[in-house]
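Me: I have a model open on my screen. Please walk me through how to read its features, one at a time.

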Amino acid sequence: MINNEACDIAAQFIEADDFAEPIHRNLFASFITARNEARAITITLVKALLGGDANVEMMPGCTVGEYIARIAASATIIINAPDFAKAI
């Protein structure tokens, strides 16, 4: 699960339009919507936002499942959320 608190902290500094990549804009906007609706931000939600099939190639050489694994591996912890958000 993605830490909802880290999302709340990041949202104090950035909004979806601050992301350069459209996919990241859409994911962040969906995370904020889910958080506002008191839903958990989970890997299942991310997979659904990306089409629901982890085996589909998202870009050359990278499936949806691999992409999710990459962004999960590089996720920030709460204490680093403000600095990470400011970098965006």
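Me: Is Cys-62 buried or exposed?

Reply: Start with the scale. Buried means under 20% relative accessible area, exposed means over 50%, and partly exposed lies in between (1.4 Å probe, protein chains only). Cys-62 has a relative accessible area of 1%, so Cys-62 is buried. Cys-7 is buried too, at 7%.

Me: How many disulfides does a search of the whole structure find?

Reply: A disulfide is a pair of cysteine sulfur atoms within 2.5 Å. The search finds 0.

Me: What kind of model is this, and what are the ground rules?

Reply: The model is predicted; local features need pLDDT of at least 70, side-chain atom pairs count only at pLDDT 80 or more, and totals for chains, interfaces and linings use all residues. Residues are numbered from 1 along each chain as its sequence is written, and side-chain values use heavy atoms, with hydrogens and water left out.

Me: Where is confidence lowest, and where is it highest?

Reply: pLDDT is the predictor's confidence in each residue, from 0 to 100. The protein chain averages 83, and 82% of the residues score at least 70. The lowest mean, 67, belongs to helix α5 (residues 81-87). The highest is in β2, at 92.

Me: How many helices and strands does the protein chain have?

Reply: Helices (H or I, at least four residues) and strands (E, at least two) are DSSP runs, numbered from the N terminus. Here there are 5 helices and 2 strands. Their order from the N terminus is α-α-α-β-β-α-α. Of the 88 residues in the protein chain, 25% are buried.

Me: Which residues of helix α4 are buried?

Reply: In α4 (residues 64-73), they are Val-64, Tyr-67 and Ile-68. Look down the helix axis. The buried residues fall within an arc of 100 degrees, taken from the directions from the axis to the C-beta atoms, so they line one face of α4. Arg-70 and Ala-73 are exposed on the other side.

Me: What do the buried residues of α4 pack against?

Reply: Contact means heavy atoms within 4.5 Å. The partners are α2 (22-36), α3 (43-49), β1 (57-59) and β2 (62-63).

Me: Which residues make up the largest nonpolar core?

Reply: A nonpolar core is a set of buried Ala, Val, Leu, Ile, Met, Phe, Trp, Tyr and Cys residues joined through side-chain atoms within 4.5 Å. The largest has 12 residues, including Cys-7, Leu-27, Leu-50, Cys-62 and Tyr-67. α2, α3 and α4 each supply at least two residues of this core. Another core, of 5 residues, lies apart from it, with Ile-14, Ala-16, Phe-19 and Phe-28 among them.

Me: Where is the place of Leu-50?

Reply: Leu-50 is in the loop between α3 and β1. Its relative accessible area is 14%, so Leu-50 is buried. Leave aside neighbours within four places in sequence, and Leu-50 is in contact with Ile-23, Leu-27, Met-58, Val-64, Tyr-67 and Ile-68. Leu-50 and Leu-27 are 23 residues apart along the chain, with 8.6 Å between their C-alpha atoms.

Me: How many salt bridges does a search of the whole structure find?

Reply: Side chains of opposite charge can pair when their charged atoms come close. A salt bridge is a side-chain nitrogen of Lys or Arg within 4 Å of a carboxyl oxygen of Asp or Glu. The search finds 2. In one, Asp-8 pairs with Arg-35, with the closest N and O atoms 2.9 Å apart. That pair links distant parts of the chain: Asp-8 sits in helix α1 (residues 4-11) and Arg-35 in helix α2, 27 residues apart. Asp-8 is partly exposed at 30%, and Arg-35 is partly exposed at 28%. Arg-39 and Glu-37 also meet in a salt bridge, at 3.0 Å from N to O.

Me: Which loop holds Ala-38, and what is its phi?

Reply: Most residues other than glycine have a negative phi. Ala-38 is not a glycine, yet has a positive phi of about 60 degrees. Ala-38 is found in the loop between α2 and α3. With a relative accessible area of 71%, Ala-38 is exposed.
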